[in-house]
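Grab your viewer and work through them in order.

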Amino acid sequence: MSTRERIIDEALRLFAERGYSATSVAEIEAASGLSPGAGGLYRHFKSKYEVLAAAINEHANRTRTQVAESLAQLDTMEQDGLEVRLSHLVRAGLAKVREESELTRVFFRDLSQFPELVTVVREGLLQPMFDAIVTWFRAQPEYADAKVDWTGIAAVLGGSVVHYRLFQETVGESPGHAEKDQFVQAWVRLAVGLLPAPAPVS
């Protein structure tokens, strides 16, 4: 890992733990293996804000890559049953939201003062996840004749995935005490319920 990458990772960790304003450049330098207060951070970034912006932009870029890779992997699962594919989709979503737990804490604590970074999170991290759900459902042959608003469905199904992890982060337990496997099974069941009704037999 390069020094620049260490600075970004350690800064985001400290921002998540202490808050942006409460974290000093010297503390970031010390956590990154640099001499605190010696200005090593400034060889890579102009300011503490630039470190935060770089962290958020890099997470957004990583998300776009991960979404494309997840959709490609799901495409290789065409021979698996629909419920297996749905389970893989929701578990991938839960894993992604969990991966972003530090950024999530920074988002809720500090980003309201940086609306331009809120836009990056919205357009670079959240929207790609919702777009991926729409893309995936529309590509499944089982749903070809389903007359549903996939954008609205993605908001509900994707939103529940985000909410499940956020609830755990903020409250310290799962919503309704539902374990992860219970949540996955319920999510899959709801998604299966979107299948078009079979044509009546005459």
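Let's start with a network: Arg62, Lys96, Glu99 and Glu100 are linked through salt bridges, where a salt bridge means a side-chain nitrogen of Lys or Arg within 4 Å of a carboxyl oxygen of Asp or Glu. Before you dig in, note that this is a predicted model, with local features needing pLDDT of at least 70 and side-chain atom pairs counting only at pLDDT 80 or more, while totals for chains, interfaces and linings use all residues. Residues are numbered from 1 along each chain as its sequence is written, and side-chain values use heavy atoms, with hydrogens and water left out.

**Exercise 1.** Find the salt-bridge partner of arginine 165 and say whether arginine 165 is buried or exposed.

*Solution.* 
- Step 1: The partner is glutamate 169, with the closest N and O atoms 3.2 Å apart.
- Step 2: Both residues sit in helix α7, four residues apart, about one turn of the helix; helices are DSSP runs (H or I, at least four residues), numbered from the N terminus.
- Step 3: Arginine 165 is buried at 9% relative accessibility, whereas glutamate 169 is partly exposed at 30%. The cut-offs: buried is under 20% relative accessible area, exposed over 50%, partly exposed in between (1.4 Å probe, protein chains only).

Conventions
Helix = DSSP H or I, 4+ residues; strand = E, 2+ residues; numbered from the N terminus.
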